[in-house]
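Trainee: I would like to go through this structure term by term. Please set each label against its definition.

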Amino acid sequence: MHRLIALLLLLVLALPASQARADAVDDAYEALSASALTISPASFESVRQGVEQLAASGDPRAAAVIGALHDGLLYAREDNALFIQQPDGTYVDARTGAPAADVTDDDVHTVRVNNAVRSAIDAALGSLQLFAPDAPTRLQAASAVFTSHDPAALPALDKALVKETDSGVRRRMEQARAAALLSSSDASETDRLAAVATLRARGDIDARGFLGSLSGQPPAVAAAAATAIIAIDRQLELWSLLQSVYYGLSLGSVLLLAAAGLAITFGVMGVINMAHGEMVMIGAYVTFMVQQFMHAYLPGLYPASLLFAVPLAFLVSGAIGVVIERSLIRWLYGRPLETLLATWGLSLVLQQAVRSIFGANNRDVDTPAWMSGATQLGGLTLTWNRMYIILFAIIVLAALMAALRFTSLGLRMRAVTQNRRMAAAMGIRTPWIDALTFGLGSGVAGMAGVALSQIDNVSPNLGQGYIIDSFMVVVFGGVGNLWGTTLGALTLGIVNKFLEPVAGAVLAKIVVLVLLIMFIQRRPRGMFPLKGRAVET
Amino acid sequence: MTLERSTYLTLLLVLGGALALAVLNQATDAGSALHVPTYVIALAGKYLCFAMLALAVDLVWGFAGILSLGHAAFFALGGYAMGMYLMRQIGTRGVYGNAMLPDFMVFLGWHELPWYWHGFEWFGFALLMVVLVPGVLALVFGYLAFRSRVTGVYLSIMTQALTYALLLAFFRNDMGFGGNNGLTDFKDILGFNVQADFTRSALLVVSALFLCGQFLLARFVVQSRFGKVLIAVRDTESRTRFLGYRPESYKLVVWVLSAVMAGIGGALYVPQVGIINPSEFSPANSIEAVIWVAVGGRGTLVGAILGAVLVNFGKTWFTGALPELWLYALGALFIFVTLFLPRGVMGLFARRRKLAPEPEVETPATAAAHEVTG
């Protein structure tokens, strides 16, 4: 009941308003026909005003009519009725859009335009987009008005603002209105100050540029604009700082993924595995093969291929790791330098094997749709694939720590690391644990390969690029300490990204390497050294 | 100083072989059955330069226990110093005909010679730099590393990072060393055409002389009192320290000496192969040099020379005959030598004569025994 009353009330209130609007629209339509019938300065002026009135009226047919005028397809009859010629030569009523079958070419005359009318049409078409039914178009139109900041768009903006429901578009329209207002000659100082505040709140590089270009403002407004520019600059700096941190975190998590496996094999077992990068590379090729397989046999699951690739890469790389440990590395315990050489040889063999099987060229690994694209957070651009890699790194690290801490295998691993003889005396099969630990480290490297396949070229040389960085991370963080590895990776990533804008990518890398070499000189055992007598061995 | 048979044999083979090749190249006609083609001369010269690098690696690895994975950096720096001299000798014969600037600088639109290129028009200055640049870098790096007692694998990884950083740096065009393409298109060395047969033969003999000189010097160093302390440092650094020696000083001296030896090898390498580019800095090259030493026999000096020549001969043959198998062979060599031939080819002779100071090594059998008991 209440609802019905409310509805009625609304109708009653709305009626006079819509009545008044209809009158304005009638006048506008009539004015448009002027130049079709008589050619004089007054008739063109009438058309120009008609265009502006129609554009400002918010009439649903306005865009079509002005568009037709723009294309020279608007015709008028002797009785001032307007028609639009269709591509097939027939006519429709301009006012209603209904077909007008009885109208022939002889009955109507083209509505003529001159330059003044043309510029009015262009402005009108621009602001008419503000009333488009879909939000992205309106947003685009608002942005366009902001860029042109033409005071003529003010009435249309005001009308559009009343109707706008989307908050994002609304904000952009208000900013456009502020810009137009500041550009107009007759706005009050209060309005101008409010406009400056709006633009200051926007706080991006465009707002800064516009405020910087202002001239001829009252002193109070100019001062407000100047402080706004300073505030925006500070804000922009903050955003770019945050953006660098984000890039750094993303690079750091890539390094972390690559180094996490190494932290197990090198950090926990003390085995220098120069073939670690090849485990990463194998993980990336597993991703490639999983995608190929799904593409051929299970196209429905293709978007989820990465989810299948992760465990498979872990298993494949892990199994290869166990084989390597049993066949090669176990003969070399206690001889780190020989281990280094032998595993280097192994890495050459693995690279060449992959090259023989898959060819030397890069292989295409697709990024699934849910991982591509980016999102905007304030002044930050966050790309999805980087976000997922950060997330993935966190999950892998947490899983690894949990495995070492809470599983029986993890317990035995730690026991063997701390005191091999004692562990053996307690009945732990140390050779088997060695193999599994090495397999775990290699498997983690394989999972890193799945992530790296999303951001790097999948080629036989993929692992080579990460091996030195990974060792640096592990050594920097302190051997045998996953937290140290994490902190090391993130620090290196962020330092690298902060240096990049200053020094360029390659030089930044060199500087980081040199800094690391200096750091290791000062703290030869990394940030978090193992304490106690174990250090000497 | 007495010389044992292996030393005599090495000197004789290196010098005699180089001289014989040079004479056969120069004194016979191209059609003669005894004629040695020039490409063989160039190859032999290359092997001898690699042998110098191997000798340098053996000196630090075999006698001081420092496994350097970045020795090719010193080799390449020596090579770049020589390359810069050779670039300046081109003069107006470059593509752009600029008397002052090498072609790549003209190409990059530079108008002045960078300050660090000055002086390289004099051969003596270039020679000084061949010694100084690797030497000073090794001195700074070694001083910092040994003073803070960075040892073992950590040191190896840092040397690798060093050469990697240099690799990235030399790839940059802004560095003024020709970027990606490096230095090439050499014309003259001391007024002789580097392409000419005579120059190549002469360079081969000079390389042989330098190799023999380095070999004798290294031998003298390791057999002196200094060398004995060095071996003690290699075997148990902390015990040597407690006996009152300063291991870092001993290591530093031999480290710098080794770097200079590698640099001289690089300087002789460049005119013989006709190019030096940043890929010489790649960590893989340094590790390959280590495997030459391992193949020949670590800690024997003679073995380093033997290993370098053998492996590189194998590489030349493989890359010619079965190019796609070369990396398999090299990789298998790494694994085979470390597992089954821990004292290298020289270890095969050592059974008969006590020749090599034996680094403590574990064979698979003893390692397995360890594992069972451990």
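Mentor: Start with contact: two residues are in contact if their C-beta atoms, placed from the backbone, lie within 7 Å. The model is predicted, so local features need pLDDT of at least 70 and side-chain atom pairs pLDDT 80 or more, while totals for chains, interfaces and linings use all residues. Residues are numbered from 1 along each chain as written, and chains are lettered from A in the order written.

Trainee: Which residues of H8(A) and H9(A) meet by that test?

Mentor: A:Glu174, A:Gln175, A:Ala178, A:Ala179, A:Leu181 and A:Leu182 lie on the H8(A) side. They meet A:Asp191, A:Arg192, A:Ala195, A:Thr198, A:Leu199 and A:Arg202 in H9(A). Helices here are DSSP runs of H or I with at least four residues, and strands are E runs of at least two, numbered from the N terminus.

Trainee: What makes up this contact in nonpolar, polar and charged residues?

Mentor: Six are nonpolar, two polar and four charged. Asp, Glu, Lys and Arg count as charged; Ala, Val, Leu, Ile, Met, Phe, Trp, Tyr, Cys and Pro as nonpolar; the others, Gly among them, as polar.

Trainee: Why are H8(A) and H9(A) called oblique?

Mentor: H8 (167-183) and H9 (189-202) of chain A pack at about 135°, with axes 9 Å apart. Angles run from 0 to 180 degrees between N-to-C directions, with axes fitted to C-alpha atoms over the stretch in contact. Under 35 degrees is roughly parallel, over 145 roughly antiparallel, 65 to 115 roughly perpendicular, and the rest oblique. H8(A) and H9(A) are therefore oblique to each other.

Trainee: How do you know that E5(A) and E6(A) pair?

Mentor: Two strands pair if DSSP finds at least two bridges between them. Four bridges join E5 (374-377) to E6 (380-383) of chain A, running antiparallel.

Trainee: What makes E3 and E4 of chain A edge strands?

Mentor: The open sheet has the order E3-E2-E1-E4 in chain A, with antiparallel pairing. E3 (91-93) and E4 (108-110) each pair on one side only. The twist averages 40° from one strand to the next. Inside the sheet, E1(A) and E2(A) pair over three bridges.

Trainee: How many residues of chain A are in contact with chain B?

Mentor: 40 residues of chain A are in contact with 42 of chain B. H14(A) gives the largest share of the chain A side, 14 residues.
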